[in-house]
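I set out to record what could be looked up in this structure, beginning with the whole chain and ending with single residues.

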Amino acid sequence: MSNQDELKVQLEEILEKIEGVGKVKVFITYAQTSQSVPMYNEDTSQKDTEEKDTSRRK
């Protein structure tokens, strides 16, 4: 049994344990891509402040 088949069976068994769920069939496909997608949220921000002295102190 391949890893994909094992994963499919495990997922079916887990989903079928949910109350109210009947018989489940799972279909898994894998895709390869060169794009890297992070698996977390990254919160970034930038704050720029510009101050101008208009009092003209000497």
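The entries below follow that order.

**Basis.** I worked from a predicted model, in which local features need pLDDT of at least 70 and side-chain atom pairs count only at pLDDT 80 or more, while totals for chains, interfaces and linings use all residues. Residues are numbered from 1 along each chain as its sequence is written, and side-chain values use heavy atoms, with hydrogens and water left out.

**Whole chain.** Helices (H or I, at least four residues) and strands (E, at least two) are DSSP runs, numbered from the N terminus. I then looked up burial: of the 58 residues in the chain, 7% are buried. Here buried means under 20% relative accessible area, exposed over 50%, and partly exposed in between (1.4 Å probe, protein chains only). The accessible surface of the chain is about 6,600 Å², and carbon and sulfur atoms account for 46% of that surface. Such areas come from the Shrake-Rupley method with a 1.4 Å probe; for residues, only the protein chains shown count as cover.

**Salt bridges.** How many salt bridges does the count come to? I noted two, taking a salt bridge as a side-chain nitrogen of Lys or Arg within 4 Å of a carboxyl oxygen of Asp or Glu. One joins K23 to E16, with the closest N and O atoms 3.7 Å apart. K23 is exposed at 70% relative accessibility, whereas E16 is partly exposed at 30%. The side chains of E50 and K52 form a salt bridge as well, at 3.9 Å from N to O. E50 is exposed, with a relative accessible area of 67%, and K52 is likewise exposed, at 67%.

**E12.** I next looked up E12, which is found in helix α1, residues 3-16. Leaving aside residues up to four places away in sequence, E12 touches V24, K25 and V26, where contact means heavy atoms within 4.5 Å.

**D5.** My last entry concerns D5, which also lies in helix α1. D5 is partly exposed, at 34% relative accessibility. I found its C-alpha atom 8.6 Å from that of I28, a residue 23 residues apart from D5 along the chain.
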